[in-house]
Each structure stands twice: as structure tokens, then as C-alpha cells.
Amino acid sequence: MSPKFLPHVKSYCIMVILILMKVFYLAMSQQPPKNLLETVLLYIQHGETKTPGSNFSNLKTTLRRYVLPNLHGYKFVPEDLEGAGLDYALSQIPLDVFLNVKPLELLSKGCQAALSAGQITANLERTTYRPALNKFLKWIQQESWYEEAAEGRYGKYAPKTRSKANIMAANRGRRSLHANPYGLKESELTPKLLKQLEQLHTFCTGEYVPKRQDKKMREVTFNNHKTRLLNILGWLKNVESYQLADLDFKLLNDLDLLEKFFAWGINERGNTCGWAMGFCDLALNVAK
């Protein structure tokens with residue numbers, strides 16, 4: 001199959017966004033949101049229609065700076081919650097865990113600490129952060145799936161946990177959704193793929209790369225991208241029957257192939273929209 005390489009990154013970005021929207025509706029149409037990322041994405045689509053923009057920006061700041069770093073059982077720090085890091089963190093938090101730890105109290109705790117450190121003014125919580133979080137929580141409570149979400153009735157996808165438990169501990173003893181992994185092994189990377197991986201690493205993490213047009217990527221974030229690369233390359237080899245010699249990073253520019261991978265991941269592997277977003281971010285970096 002010959003991939004359709006798009007000449008302009010901007011056009012590619014638009015197409016990836018359209019694919020992501022389709023993936024989002026596919027995931028959301030099958031079941032209620034299971035984690036905090038899916039809930040936030042659903043909120044953007046429906047809860048924010050009347051007052052888009054600043055309220056959502058304030059909500060993201062609230063979660064990133066004051067709620068997630070104070071969430072028991074997790075070790076989030078604000079520096080790791082920028083950009084795609086925030087999306088990843090939100091995808092790791094089952095919605096019932098978030099709802100049952102009293103987010104408004106976590107906000108107050110975080111704001112009090114910031115106030116004591118002289119990082120915010122006294123009225124910022126009341127005028128900016130609390131209204132944004134309150135609106136989000138009230139929207140959740142009005143949705144038809146609220147009771148199911150609050151009780152954590154998600155079957156195999158997001159087991160109910162105590163606030164001090166993490167997902168790995170909660171899943172201990174259960175059948176792993178990642179059994180029979182399809183990802184490519186690092187030892188299978190050809191010289192061409194290793195060279196492309198090195199080039200991508202330099203592009204994403206280099207101190208000064210003009211064409212990147214944003215700040216350099218943290219090593220931990222790049223390692224997540226590396227895992228995604230091994231996964232999609234493994235899918236091409238082990239599911240789509242590509243020959244190892246035919247694998248190439250440029251295949252991520254084939255939008256039809258990318259959409260097919262997303263559909264397979266959601267329908268066959270039980271993945272979510274948050275999972276697909278990580279691959280979109282990877283594909284955009286490869287395209288740039």
C-alpha cells in the first residue's frame with residue numbers, strides 16, 4: 001500500500017484533528033466516560049457550548065496546578081502536567097476516583113499552599129478556579145451516566161478503587177488488557193528505523209530546533225512516544241502483515257492507515273479516545 005503523504009504539515013494537522021473527532025465520537029458512543037480525560041473531552045463538546053474558552057482554560061489550570069498534585073495515591077507534579085503530559089495524567093484517573101476524593105477540597109488545599117508561598121492572590125480561588133471546577137462538577141452531576149460513573153461501574157476498563165489505591169494495584173490478579181502484546185520489540189528495529197528514531201529524538205528533545213516551533217520535549221514524554229511507535233509498528237507487522245523491511249516512520253503520515261489503527265485499538269483492544277490522542281501527538285511530531 002502506498003501511503004498518501006501530505007505536503008504541508010498544517011493540512012496534515014487539520015486531517016488528524018478530524019480523525020480524532022471521529023475517534024472521540026466512536027469511543028463516546030459506545031459507553032459513558034471512564035476516566036477524567038474522556039470526561040473533560042466530553043465536557044468540551046457539550047458542557048462548554050455556551051461559554052467556551054476561558055472557563056475551560058481555567059479548568060485545565062485548576063486541575064494541573066492544584067487538584068492533580070494533591071490527589072492521593074498519585075505522584076503528579078505541575079512540571080509533568082504540561083501539554084500532552086496533562087492529557088496522559090487525566091487518562092490515568094478513573095472518574096469515580098476523581099469524584100470521590102472531593103476535588104473542591106483538593107483545590108482549596110492547593111490554593112492555600114500557593115497563597116502561603118506568595119504564588120497567587122487571596123481572591124483567585126474564589127473568582128477564577130473554584131467557579132471553573134464547580135461548573136465542571138455540576139455538569140457531570142446532571143449527566144445521565146453520573147451515578148454509574150460515581151460508583152465506578154466500568155467492568156474491565158476502570159475498576160473502582162479507593163482514593164489511596166492506584167490502577168496497577170486495583171488490576172492485580174485480573175486479566176491484563178495488554179496480554180499477547182502486539183508491539184514491535186526494540187531488537188526488531190532495522191537500521192533505517194533506528195536512524196529515524198534518533199532523528200525524531202533530536203527533533204523533539206533538542207535544545208534549539210527552529211522547525212519544531214515549541215519548547216523541547218521532556219525525556220519521559222519522548223519515551224512515551226517511543227512506546228507508541230513500537231506499538232503502531234508492531235501492529236503493522238503483526239496484525240497488518242507488513243514486512244519488517246517495509247516499516248517506516250512515514251507510514252504515520254498515511255491518514256487512512258492511522259484511522260484504521262484507531263478503529264482497531266478501540267473496537268478490538270478496548271482502548272479510549274485518550275489513547276488515540278497520544279498517537280495523534282506522535283504523528284504530528286513525525287509530520288513536522
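Close-up 1. Lysine 226 is partly exposed, with a relative accessible area of 23%, where buried means under 20% relative accessible area, exposed means over 50%, and partly exposed lies in between, for a 1.4 Å probe and protein chains only. In this predicted model, local features need a pLDDT of at least 70 and side-chain atom pairs count only at pLDDT 80 or more, whereas totals for chains, interfaces and linings use all residues. Residues are numbered from 1 along each chain as its sequence is written, and side-chain values use heavy atoms, with hydrogens and water left out. Lysine 226 forms a salt bridge with glutamate 186, their closest N and O atoms being 3.0 Å apart; a salt bridge is a side-chain nitrogen of Lys or Arg within 4 Å of a carboxyl oxygen of Asp or Glu. Because glutamate 186 lies in the loop between helix 9 (167–170) and helix 10 (191–205), while lysine 226 lies in helix 11 (residues 219–238), the pair ties together parts that are 40 residues apart in sequence. Helices here are DSSP runs of H or I with at least four residues, strands are runs of E with at least two, and both are numbered from the N terminus. Glutamate 186 is also partly exposed, at 47% relative accessible area.

**Close-up 2. Lysine 237 and glutamate 188.** A salt bridge joins lysine 237 to glutamate 188, with 3.3 Å between the closest N and O atoms. Lysine 237 belongs to helix 11 and glutamate 188 to the loop between helix 9 and helix 10, so that this pair links distant parts of the chain, 49 residues apart. The relative accessibility of lysine 237 is 25%, which counts as partly exposed.

**Close-up 3. Glutamate 207 and lysine 216.** Side chains of opposite charge can pair when their charged atoms come close. In the salt bridge between glutamate 207 and lysine 216, the closest N and O atoms are 2.8 Å apart. Glutamate 207 counts as exposed, at 64% relative accessibility, whereas lysine 216 counts as partly exposed, at 41%. A search of the whole structure finds eight salt bridges.

**Close-up 4. Backbone angles at lysine 102 and serine 241.** Although lysine 102 is not a glycine, it has a positive phi of about 60°, and it lies in the loop between helix 5 (95–100) and helix 6 (103–116). Serine 241, likewise a residue other than glycine, has a positive phi near 65°. Serine 241 is found in the loop between helix 11 and helix 12 (255–267), and it is exposed, with a relative accessible area of 56%.
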